[in-house]
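Have a look at the model below. The notes that follow go through it piece by piece.

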Amino acid sequence: MNVLAQRGPFLTPPLFKTSPLTPSTIQSTPIFPHPQKFPSFSSSSSSSSSSSSSSLMATCVDSSPTTTPLSRKPNTPQNDSYLKFCRPTFSDRIPCVPICNPSLARAEEDLDARAENHHLHHHLWFKIQEEAKLDVEQEPILSGYYFSSILSHKSLESALANHLSINLSTLSLPSTTLYDLFMGVLVDDVNVGGGIMGAVKDDLVAVKERDPACISYVHCLLNFKGFLACQAHRVAHKLWLQGRKVLALLIQNRVSEVFAVDIHPGAKIGRGILLDHATGLVVGETAVIGNNVSILHNVTLGGTGKASGDRHPKIGDGVLIGAGTCILGNIKIGDGAKIGAGSVVLKDVPARTTAVGNPARLVGGKDNPIRLDKMPSFTMDHTSHISEWSDYVI
């Protein structure tokens, strides 16, 4: 039976702002056709590479305040600009600050990968809808849930805003109010790289490709609280930059209560982020998290005490932080570094090295640490370069 024919009983007017999805001819086309090679990418790729390599740390997706009023138009067209993202199959590359200068052959492979990634992002919402329909075919009992969460919406922005508003609402803070707030921020924030929604798509791809427990994009969108907490933070951070700090702190509190993830709205987070499990994650106000970072549960990016001002860690691109890790103080974790589970890090960690222990020490020693040849956040390898206990135990 066609699930779309059953939409009537499942809609509740206060929760949904868009008209039900209707079948379209675009659904009969392949979701992932072979990507074309675009000659114009070569010049834009070189210019973007030079600009990205000028900074050691990735800045937040929304890095400058704006006073633009929130929009109440859910179906405002989005800017599907070109997005950069490295797939784990190319895990020895850093997309923002390369570990080494790529050869011409590798640069050509990067161009193909970026074109494929651009094509994936363009069709991501259609892919999510198809996955939802397949799930409903397997579990008809969930038809109402999938219709109200995915199939009744016309865009990824609308579905995400609706899902977050339902999860974070209370009796005194209705979902309709939160929906208008989230939708306005998601639609209006369209900067270079797609703004918040560009980062949302990068995060979806990151979770799907790095976490073997993620079976589909729709599964991540609906069920992964680390992903949802990260997107709620992006909205809260935008409000924080606009000076709406009371509202931003309210969202932080609700996310902490519902998802057990406590990220201060002042913290800056890049794109392509995987918060695996995410329970117990704490990120301080002046912390900075770069691009393509993977963080497991019970991680603290905190201060050392009552110090004020810039007092929290700065995490580089491509970093992997193991479960139960504490990184304290205004220190830097270099690009491509790996922090072992349960470590307490109090000093800077050089790029492409592994730090483990309490207090953390570099694998291979301080003078000649073992250098990683692949991005740990992509490989998600927590045990490499540890052949025996004496490698890192005093």
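At 8% relative accessibility, Ser216 counts as buried, where buried means under 20% relative accessible area, exposed means over 50% and partly exposed is in between, with a 1.4 Å probe and protein chains only. Ser216 sits in the loop between H7 and helix H8 (217-223); helices (H or I, at least four residues) and strands (E, at least two) are DSSP runs, numbered from the N terminus. Leaving aside neighbours within four places in sequence, Ser216 is in contact with Glu131 and Lys208, contact being heavy atoms within 4.5 Å. Ser216 and Leu204 are 12 residues apart in sequence, and their C-alpha atoms are 9.5 Å apart in space.

Keep in mind that this is a predicted model: local features need pLDDT of at least 70, side-chain atom pairs count only at pLDDT 80 or more, and totals for chains, interfaces and linings use all residues. Residues are numbered from 1 along each chain as its sequence is written, and side-chain values use heavy atoms, with hydrogens and water left out.

## The chain overall

The secondary structure of the chain comes to 11 helices and 15 strands. Of its 394 residues, 50% count as buried. Among contacts with a separation of 6 or more, 58% come from residues 24 or more positions apart.

Helix H7 (residues 195-210) has 16 residues and reaches 23 Å from its first C-alpha to its last. That is close to the 22 Å expected at 1.5 Å a residue, the expected span being 1.5 Å times one less than the number of residues. Since 14 of the 16 residues of H7 are buried, the helix is largely enclosed by the rest of the structure.

Which residues have the most contacts inside the largest nonpolar core? They are Ile128 and Ile150, in a core of 82 residues. A nonpolar core here is a set of buried Ala, Val, Leu, Ile, Met, Phe, Trp, Tyr and Cys residues joined through side-chain atoms within 4.5 Å. The largest share of this core, 9 residues, comes from helix H9 (residues 225-241). Not counting residues up to four places away in sequence, Ile128 touches Ile150, Leu156, Leu204, Tyr217, Val218 and Leu221.

## Two helix stories

Helix H4 (residues 143-151) packs against helix H5 (residues 156-168) at an angle of about 120°, with the axes 8 Å apart. Axes are lines fitted to C-alpha atoms, for helices over the stretch in contact, and angles run from 0 to 180 degrees between N-to-C directions. H4 and H5 are therefore oblique to each other: under 35 degrees counts as roughly parallel, over 145 as roughly antiparallel, 65 to 115 as roughly perpendicular and the rest as oblique. Tyr145, Ser148, Ser149 and Ile150 in H4 meet Ala159, Asn162 and His163 in H5.

Over in helix H10 (residues 245-259) you'll find Arg254, which counts as buried at 13% relative accessibility. Neighbours within four places aside, Arg254 is in contact with Asn167, Leu168, Ser169 and Thr170.

S3 pairs with strand S6 (residues 294-295) in the parallel sense over 2 bridges, and Leu275 stands opposite Ile295 in S6.

Another open sheet has 5 strands in the order S1-S4-S7-S10-S13, and here the pairing is parallel. S1 and strand S13 (344-345) are at the edges with a single partner strand each, so one side of each has no neighbour in the sheet. Strand S10 (residues 326-328) and S13 run parallel, joined by 2 bridges, and Ile327 has Val345 in S13 as its bridge partner.

Most residues other than glycine have a negative phi, and most peptide bonds are trans. Ala260 has a positive phi of about 60° although it is not a glycine. Ala260 is in the loop between H10 and strand S1 (261-263) and is partly exposed, with a relative accessible area of 33%.

Asn292 also has a positive phi, near 55°, and lies in the loop between strand S5 (288-289) and S6. At 5% relative accessibility, Asn292 counts as buried. Finally, a cis peptide bond with omega about 0° joins Asn358 and Pro359, and Pro359 is in the loop between strand S14 (354-356) and S15.

Technical notes:
Two strands pair if DSSP finds at least two bridges between them.
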